[in-house]
Amino acid sequence: ATAAGAAEWSGTGVTADGHRVKVLANVGAPTDARAAAEAGAEGVGLFRTEFCYLDADDEPTIEQQRAAYAAVLEPFRGKPVIVRTLDAGADKPLAFLDPEVEPNPALGVRGVRVAFDRTGVLDRQLEAIAGAAADSGAEVSVMAPMVATAEEAAWFAERVRAAGIARAGVMIEVPAAALSAREVLEAVDFVSVGTNDLAQYTFAADRQLGAVAKLNDPWQPALLRLIGLVGEAAKATGKPAGVCGEAAADPLLARVLTGLGVTSLSMNAASVRAVGAGLATVTLADCERVAQAAVAAPTAQAARTAAKES
Ligand code: PEP
Ligand code: MG
């Protein structure tokens, strides 16, 4: 069934002049994965694996993880799926890790930082992911959350390859990683921008706090400029750079992101068709023009208006 108001689309993300932009889904459980497949997503750009660990007093075994991941991967046999390793801490506290009380959890030991001291947790998860990939036949890549430097990216890629997984990437959700996108991309096979956290850290504004929500607007020109740096690094290295934060779900913003050099967009299943159909109505040159207008705007609201009118 077509989502209300969304035009039909071919099922392949491509602009009117043939520029390819994969339209992928974000999933966090088997039900989401089925909804994403039914919506026509070309694959999964962000599989959040925390569901497997939430409410667990102990770390799930490799076998338990393998079965849980395989259930999510199952509808995507032969299709690309990017599995994100555990993103614990801050807005996703996990009991089994016995997190230390930190004065600023969003700036603490979270995301990939947890894995530096607990390499076993990461290695067991990677083993489970490799097993689930084999079980499901999905084309699995793995990426790490909350990477800040190219050195961290290289460390992660080495562990992924040691686990026998072919493709390793990292999320760009810390401004430092966006500013060194070129070096980060040189260390891995791909990156994916998490606009929810990238906005939070760029504006020093808690993503869960309504009082600062205006700063976390994905149309903020400063955020778009950082994404533009990632797009330029993707072009320079010839490697893919996706966006998997909420920003990718807005069809107008999807044009801006495409114009900034982003090569895939990953979103909630409900937005897949509208974003795919929207891309098919514009050329890459249109996207580049809209992106330039948005990036040059003085405010988020002005960026939105400029994109609509350009
Ligand atoms: C993000 O930060 O934009 C993201 C996609 O990851 P999460 O929302 O799971 O932190
Ligand atoms: Mg994030």
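Axes here are lines fitted to C-alpha atoms, for helices over the stretch in contact, and angles run from 0 to 180 degrees between N-to-C directions. This is a predicted model, in which local features need pLDDT of at least 70 and side-chain atom pairs count only at pLDDT 80 or more, while totals for chains, interfaces and linings use all residues. Residues are numbered from 1 along each chain as its sequence is written, and chains are lettered from A and ligands numbered from 1 in the order in which they are written.

**Barrel**
- Eight strands close into a barrel in the order β1-β2-β3-β4-β5-β6-β7-β8 with parallel pairing, where strands (E, at least two residues) and helices (H or I, at least four) are DSSP runs numbered from the N terminus.
- Neighbouring strands of this sheet are turned against each other by 30° on average, direction ignored.
- Strand β7 (residues 241–243) pairs in the parallel sense with strand β8 (residues 264–267) over two bridges, pairing being assigned if DSSP finds at least two bridges between two strands; G242 stands opposite S264 in β8.

**Helix packing**
- Helix α2 (residues 62–73) packs on helix α4 (residues 119–136) at an angle of about 45°, with the axes 8 Å apart, and that makes α2 oblique to α4, since angles under 35 degrees count as roughly parallel, over 145 as roughly antiparallel, 65 to 115 as roughly perpendicular and the rest as oblique.
- The crossing of α2 and α4 is right-handed, a label given if the near helix is turned clockwise from the far one by less than a right angle, anticlockwise being left-handed.
- Residues in the contact include I62, Y69 and L73 of α2 and R124, I129 and S136 of α4, with contact requiring C-beta atoms, placed from the backbone, within 7 Å.
- That contact of α2 with α4 divides into eight nonpolar, four polar and four charged residues, where Ala, Val, Leu, Ile, Met, Phe, Trp, Tyr, Cys and Pro count as nonpolar, Asp, Glu, Lys and Arg as charged, and the others, Gly among them, as polar.
- The axes of α8 and α9 come within 10 Å and cross at roughly 120°, and the two helices are therefore oblique to each other.
- α8 passes α9 in a right-handed crossing, with T195, L198, A199 and T202 of α8 meeting A222, L223 and L226 of α9.
- Helix α9 (residues 221–237) also lies across β5 (167–172), β6 (190–193) and β7, running at about 150° to β7.

**Ligand 1**
- The residues around ligand 1 are L46, R48, D87, E173, G194, T195, N196, D197, C244 and G245, each having its C-beta atom, placed from the backbone, within 6 Å of the molecule.
- The largest share of this shell, three residues, comes from α8, and by class the shell has two nonpolar, four polar and four charged residues.

Methods. Two residues are in contact if their C-beta atoms, placed from the backbone, lie within 7 Å.
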